[in-house]
Amino acid sequence: MNLNEIYTEIIAEHSTSSRNRHPLEEASIKLEGKNPSCGDEIVLELLIKEERIEDAAFTGSGCAISQASTSMMIDLIKGKTVMEARQLAELFSAMIHKRVSDESQLAPLEEAAALQNISNLPARVKCAVMPWRTLEAATEKQPLE
Amino acid sequence: MQRNYAEDFPILKNSTSNGKRLVYLDNAATTQKPASVINAIRDYYESSNANPHRGAYPLSERATELYEGARQRVADFLNAAGPDEILFTKGTTEALNFVASSFAMDIVNEGDEILISIAEHHSNLIPWQMVAKAKGASLKYLYTDAKGELTEEELDAKISPRTKIIAVAHVSNVLGIVNPIEKIVGRARQVGAAVVLDIAQSLPHMKVDLQALDVDFAAFSGHKLYAPMGIGVLYGKRQHLSKMRPMLYGGGMVEDVSQQEAVFLEAPYTFEGGTQNVEGAVGLHAAIDYLMGIGYDEIKGIEDELSLYVVEGLLNNPHVILYGNSHPHNRTGILSFNIEGVHPHDVSTILAADGVAIRSGHHCAHPLMRHLGVNATCRASLSFYNTKEDIDIFIESISKVRRWLRLESK
Ligand SMILES: Cc1ncc(COP(=O)(O)O)c(C=O)c1O
Ligand SMILES: [Zn+2]
């Protein structure tokens with residue numbers, strides 16, 4: 001394990017960045033995600049209009065990996081359709097579970113591909129995946145009134 | 001010159017972690033095993049393996065002797081009144097669950113109180129929630145003070161004539177604090193409550209004399225005491241064991257069985273249904289012999305010195321927040337801490353890259369984490385086989401954590 005491949009600039013930057021970390025007043029969907037085993041907790045808020053994610057944000061706390069992964073995910077899914085976002089979540093999960101490792105195939109993940117090396121840290125895989133699972137669950141839910 | 005006990009532990013001599021020497025500081029989770037324990041298990045399989053208490057041939061007699069010899073050794077070690085007060089279990093969890101289901105369920109009634117501390121491991125907490133719910137009793141908590149200790153005022157406030165059971169850890173697995181068991185037992189006797197003592201984290205570090213403590217039950221796990229996983233002990237006073245129901249029915253625990261009835265053996269055999277973990281008992285016997293060869297004075301001497309040294313190193317770092325008592329007085333070598341701005345999981349991942357193994361998380365003690373107002377902590381826990389060099393590597397690694405997360409410049 002080489003920490004240079006895990007705690008990279010970009011992960012450190014996203015883990016502390018406040019850009020996506022705030023409540024979203026007009027959110028149409030709000031869902032909590034948790035890793036009970038290590039105490040990572042987020043609340044993911046999405047504004048979905050006509051099947052498109054117009055805006056997204058989160059609040060919460062947890063390890064650098066879970067927080068960075070959430071922030072990167074939000075950057076990526078803003079403006080995408082719900083279907084596209086779900087496909088990205090699937091691709092992310094395939095990357096973390098080492099089912100897809102080819103760089104060109106991972107290109108759609110953009111910055112989130114920086115989390116690929118977490119796949120070598122079994123104890124931290126769930127930290128990276130948690131926000132994406134939350135996204136999948138949130139987009140299955142019926143929107144709020 | 002002090003002896004380096006790491007020499008006795010093959011894994012500490014041979015293992016590397018991430019290409020570095022292993023610095024094992026997760027002893028409260030499980031300890032490594034000395035060569036004498038590993039050899040005792042191998043010898044058992046090479047020369048004495050058979051089903052104990054069953055065959056009338058020499059090998060089975062030998063296995064029986066070893067198994068019962070281990071029970072006697074444990075009884076002497078804990079100063080029980082006799083080997084019949086020692087039941088082998090899988091570990092602390094199974095032992096505590098057994099007390100809850102086969103003892104507490106019969107003596108706790110509606111309106112009664114079960115008292116535990118807020119610092120209990122989930123294995124000494126959830127079984128009591130279950131009993132309280134099933135019986136309409138209430139589960140009450142002793143709260144620790146800012147140092148992690150249970151004060152006399154707190155004991156006086158919570159122990160009442162309604163208290164039927166007081167279940168506490170001798171030593172907390174998160175804060176390492178030694179609880180005032182004599183005071184708890186004294187008050188329990190006044191109100192007629194039974195005391196269940198979890199000695200999983202005390203026995204590896206201090207002499208435990210069960211007759212002197214006068215507790216009703218006590219439980220520990222072999223694997224935290226340099227013995228194998230899968231073996232543990234429940235101590236119970238004869239007067240209680242003689243009235244308790246078995247948990248497992250089957251072979252090995254009966255005197256006679258007819259088509260509709262069975263006559264059970266007496267304690268401890270009635271509580272050990274099925275073929276038992278002889279290998280584990282043999283390993284536990286060897287572990288106790290090994291520890292007593294060193295002696296608790298020596299163990300405590302080394303661990304207290306290391307503990308002071310770790311605390312000094314941690315407190316030298318302005319970003320470290322240490323929980324509980326910082327002085328080894330009344331505490332074993334368990335240190336819970338956090339690093340400002342960093343989640344414990346990141347701390348343990350970063351330390352792992354330097355070969356350092358510590359634990360991070362909630363340590364199976366959610367209620368205590370909430371009481372401390374934290375989500376999780378890092379925990380370093382010492383053994384006499386650790387060295388100052390281990391601690392130097394650990395402290396050096398800790399000092400790099402915030403830099404990795406770009407909270408400080410390189
Ligand atoms: C104080 C305490 N009690 C009980 C347990 C449970 O032990 P085991 O998992 O071996 O049953 C532990 C171990 O984590 C502990 O530290
Ligand atoms: Zn995490």
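Helices (H or I, at least four residues) and strands (E, at least two) are DSSP runs, numbered from the N terminus. With that in hand, let's work through some exercises.

This is a predicted model, in which local features need pLDDT of at least 70 and side-chain atom pairs count only at pLDDT 80 or more, while totals for chains, interfaces and linings use all residues. Residues are numbered from 1 along each chain as its sequence is written, chains are lettered from A and ligands numbered from 1 in the order in which they are written, and side-chain values use heavy atoms, with hydrogens and water left out.

**Exercise 1. Positive phi**

Locate Lys98(A) and Cys364(B), and state whether each is buried, partly exposed or exposed.

Step 1. Lys98(A) sits in the loop between helix H3 (82-96) and helix H4 (103-106) of chain A. Its phi is positive, about 60 degrees, although Lys98(A) is not a glycine.

Step 2. Apply the accessibility classes: buried means under 20% relative accessible area, exposed over 50%, and partly exposed in between (1.4 Å probe, protein chains only). Lys98(A) counts as exposed because its relative accessibility is 52%.

Step 3. Now turn to Cys364(B), in the loop between S16 and helix H13 (366-372) of chain B. Here phi is near 55 degrees, again in a residue other than glycine. Cys364(B) has a relative accessible area of 24%, so it is partly exposed.

**Exercise 2. Around Thr89(B)**

Describe the surroundings of Thr89(B).

Step 1. Thr89(B) lies in strand S4 (residues 86-89) of chain B, and at 10% relative accessibility it counts as buried.

Step 2. Its side chain reaches the backbone oxygen of Gly91(B) at 2.9 Å.

Step 3. Contact means heavy atoms within 4.5 Å. Not counting residues up to four places away in sequence, Thr89(B) touches several residues, including Glu94(B), Ala95(B) and Gly230(B).

**Exercise 3. Where the chains meet**

How many residues of each chain are in contact, and how much area do the chains bury?

Step 1. On the chain A side 22 residues are in contact with 16 residues of chain B.

Step 2. Buried area is the accessible area (1.4 Å probe) that two parts lose on being put together, summed over both. For these chains that is about 1600 Å², 56% of it on carbon and sulfur atoms. In chain A, Met1(A), Leu3(A) and Tyr7(A) lose the most area to chain B, together 38% of what that side buries.

Step 3. A salt bridge is a side-chain nitrogen of Lys or Arg within 4 Å of a carboxyl oxygen of Asp or Glu. Between chain A and chain B the count is two; Arg124(A) and Asp346(B) form one such salt bridge (2.9 Å, N to O).

Conventions
A polar contact is a pair of N or O atoms within 3.5 Å; within protein, one must be able to donate a hydrogen and the other to accept it, and residues adjacent in sequence count only if both atoms are side-chain atoms.
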